Amino acid sequence: MRIGMVCPYSFDVPGGVQFHVRDLAEVFIAQGHDVSVLAPADEDADVPPYLVSCGKAVPVRYNGSVARLTFGPVTSARVTRWLENGSFDVVHLHEPVTPSVSLMALWAAEEPVVATFHTSTVRSRAMHAANPLLRPSLEKIRARISVSEDAAATVRRHLGGDTYIIPNGVHVDRFAQAPTRADWVGTAERPTLAFLGRVDEPRKGLGVLLRALPSVLDARPGTRLLVAGPGDATELLRRADPRAAAATEVLGAVSDTDKQSLLRSVDVYVAPHLGGESFGIVLVEAMAACAPVLASDLPAFVRVLDDGRTGVLHEAGSSASLAAALVDLLADEDRRNALRRAGSERARIFDWRPVSRQVMAVYETVLAGAHAELADAPRGLWGRIVRNVPGGGA
Amino acid sequence: MLDIDVLQVATFLVIVVIGVAWYLSYSAARLDRLHAKVEGAMSALDAQLVRRAEATLELANSGALDPATALLLADAATESIERTTEHPLAEDLLDGQHFGGREETEAVLTEILAVTLTDDVVARLLAQDDELVADSLDRIAASALRVRMARRFHNDAVREVRRVRQKRVVRWFRLAGHAALPARVEFDDALPPALAR
């Protein structure tokens with residue numbers, strides 16, 4: 001099958017949507033499908049061969065963080081050319097209402113369109129304002145997928161209607177079989193905690209964790225916090241309690257293999273996020289790597305952790321609640337081992353094998369509908385003129 | 001003086017008429033496209049239901065099941081196939097926009113699949129190492145999953161059609177013509193838990 005995927009965010013910058021698109025594309029390529037991904041990327045960036053760049057991305061504040069998006073007439077022309085050259089059977093757009101290249105592709109596409117909604121962030125004003133403008137384009141989408149219950153609720157609230165939920169995927173085996181690294185493995189004296197994510201983004205919650213750390217150090221003086229993720233942490237550490245800062249080791253941005261090893265090695269993976277998460281893929285990765293998970297009680301996290309059965313939850317934003325849960329968990333090895341087992345079992349349903357099978361089933365369902373429809377599509381000059389209205393498509 | 005006014009007014013009127021005509025055509029085409037989408041989605045749903053029933057019948061006739069289970073499955077599957085072969089889609093004047101009251105039949109098949117294909121039974125069937133049985137189980141699972149998807153996509157398309165048909169311009173100018181108002185298709189389409197994986 002010839003599949004065209006569109007990712008609105010810059011491909012050379014790490015991010016949940018980008019990783020999802022990359023993994024899905026690679027899984028389908030490995031299965032023998034023809035996949036082309038259209039996304040913003042810098043000209044000189046090191047990009048995979050299936051990626052077609054639609055131009056350089058501009059940093060814009062969007063969805064609570066700085067997103068790198070593209071827009072404008074040059075991009076628009078490139079989108080049209082990509083669609084023309086690709087002759088895709090199906091076009092799969094990610095985040096179709098983000099003001100970037102996905103929206104342009106939706107506008108221009110004449111192929112059957114599948115769309116995946118990732119975000120759960122409330123953006124009511126923007127979505128409602130754009131609604132009359134977007135409606136006719138959105139009607140072109142034949143199948144709407146949400147990655148989680150929360151993303152589905154956002155779609156229902158702002159655009160109306162149902163979506164089919166297919167979770168984000170993880171290469172479970174890569175995490176389960178990753179080697180541990182001696183200097184990251186905790187001991188009874190010196191247990192290790194892992195934090196993953198942009199360190200300078202407040203909603204990832206590193207600040208909460210640093211405030212919780214002194215109480216943890218009171219109970220377990222040797223505790224080490226390993227922080228992996230892009231961004232500058234110096235300011236945050238300077239303002240933090242000096243003991244917490246001393247117990248923190250900043251690893252910076254890590255490679256995929258290092259991330260896998262880190263999660264395999266540590267005693268607890270901590271996810272103190274404050275909000276804006278619609279899925280929590282890192283939690284699944286941690287479970288796949290058999291790391292006990294301690295996460296804030298965001299609705300998405302509660303769901304990924306199977307209502308708290310495969311991880312420990314703490315009150316989001318409360319460092320006291322986080323500290324108490326951490327101290328308990330570090331003291332209870334049996335509990336940690338039980339969580340490792342439950343987590344690795346849970347992670348399996350998020351493996352790319354079943355997940356990609358479901359996405360392929362969506363493509364096939366959509367194609368079956370499109371073929372049935374093609375049989376009696378009206379033709380004629382006037383029909384074509386009317387049909388080629390911008391945003392209306394055919 | 002009067003001449004210019006008449007010309008201006010005439011030009012203005014022509015522009016307005018062209019504008020209105022374009023907007024009406026555009027709205028009609030948009031609605032037509034939405035109707036076509038519903039029709040396509042319905043036909044995809046129909047095709048998967050047929051596949052589900054055929055695979056079920058195959059499993060029932062494989063001889064791998066006890067006669068009571070086989071009869072239950074065969075009965076529900078045959079009922080479903082008979083209802084589709086009545087061609088409610090091809091013949092009906094509503095142009096593929098309705099389901100022909102098959103909800104009950106399909107819900108029954110869903111229910112029978114759920115009660116017969118328990119974890120235990122599926123494990124035993126797979127243990128027989130019979131390629132035909134494993135294949136029909138696979139096809140039941142695949143088509144049941146696609147039924148779920150197709151029904152949701154169909155209902156979403158129905159929602160869009162109904163919204164556009166509520167618009168004043170569509171009602172006043174009867175842009176929908178004689179096309180029936182499509183309705184949501186509601187029936188229990190849960191996958192047998194043992195096949196959900």
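Tutor: Two strands pair if DSSP finds at least two bridges between them. The strands themselves (E, at least two residues) and the helices (H or I, at least four) are DSSP runs numbered from the N terminus. The model is a predicted one, in which local features need pLDDT of at least 70 and side-chain atom pairs count only at pLDDT 80 or more, while totals for chains, interfaces and linings use all residues. Residues are numbered from 1 along each chain as its sequence is written, and chains are lettered from A and ligands numbered from 1 in the order in which they are written.

Student: Which residue of strand 11 of chain A stands opposite A:L196?

Tutor: The residue opposite A:L196 is A:A228. Strand 10 and strand 11 of chain A pair in the parallel sense, with five bridges. Both belong to an open, parallel sheet of six strands in chain A, with the order 12-11-10-13-14-15. Its edges are strand 12 (248-252) and strand 15 (312-314) of chain A; each has a single partner strand, so one side of each lacks a neighbour in the sheet. On average, neighbouring strands of this sheet are turned by 25° against each other, direction ignored; for such angles, axes are lines fitted to C-alpha atoms, for helices over the stretch in contact, and values between N-to-C directions run from 0 to 180 degrees.

Student: Which strands of chain A does helix 10 of chain A lie across?

Tutor: Helix 10 of chain A lies across strand 10, strand 11 and strand 13, at about 145° to strand 10 of chain A. Helix 13 (residues 319-331) of chain A also packs on the sheet, where it touches strand 13, strand 14 (293-296) and strand 15, and makes about 155° with the direction of strand 15 of chain A.

Student: How many of the 10 residues of helix 10 of chain A are buried?

Tutor: A residue is buried if 20 or more other C-beta atoms, placed from the backbone, lie within 10 Å of its own, exposed if 12 or fewer do, and partly exposed in between. In helix 10 (residues 256-265) of chain A, seven of the 10 residues are buried, among them A:K259, A:L262 and A:R264. These buried residues pack against helix 6 (172-176), strand 10 (192-196), strand 11 (224-228), strand 13 (268-271) and helix 11 (281-288) of chain A. Helix 3 (residues 101-108) of chain A is largely enclosed by the rest of the structure, because seven of its eight residues are buried; A:L103 and A:M104 are among them.

Student: In what order do the seven strands of the open sheet of chain A run?

Tutor: The order is 3-2-1-6-7-8-9, with parallel pairing. Strand 3 (51-53) and strand 9 (164-165) of chain A are the edge strands, each pairing on one side only. Strand 1 (residues 2-6) and strand 6 (residues 90-94) of chain A pair in the parallel sense over four bridges, and A:I3 has A:V90 as its bridge partner in strand 6 of chain A. Helix 5 (residues 149-158) of chain A lies across strand 7 (113-117), strand 8 and strand 9, at about 135° to strand 8 of chain A.

Student: How many residues does the contact take from chain A and from chain B?

Tutor: Two residues are in contact if their C-beta atoms, placed from the backbone, lie within 7 Å. Chain A contributes 25 residues and chain B 24. On the side of chain A, strand 8 (141-146), helix 15 (352-374) and helix 16 (381-387) are the elements that give two or more residues. Helix 15 of chain A gives the most, with 10 residues. A:E364 lies in this helix and counts as partly exposed because it has 19 C-beta neighbours inside 10 Å.

Student: What radius of gyration does chain B have?

Tutor: The radius of gyration is taken over C-alpha atoms, and the globule rule is 2.2 Å times the number of residues to the power 0.38. Chain B has 25 Å, whereas a compact globule of 197 residues would have a value near 16 Å. The C-alpha trace of chain B spans about 95 × 30 × 20 Å along its principal axes, and its secondary structure comes to eight helices and zero strands.

Student: What is the mean pLDDT of chain A?

Tutor: pLDDT is the predictor's confidence in each residue, from 0 to 100. The mean for chain A is 88, and 91% of its residues reach 70 or more. Over residues 387-394 of chain A, however, pLDDT stays under 50.
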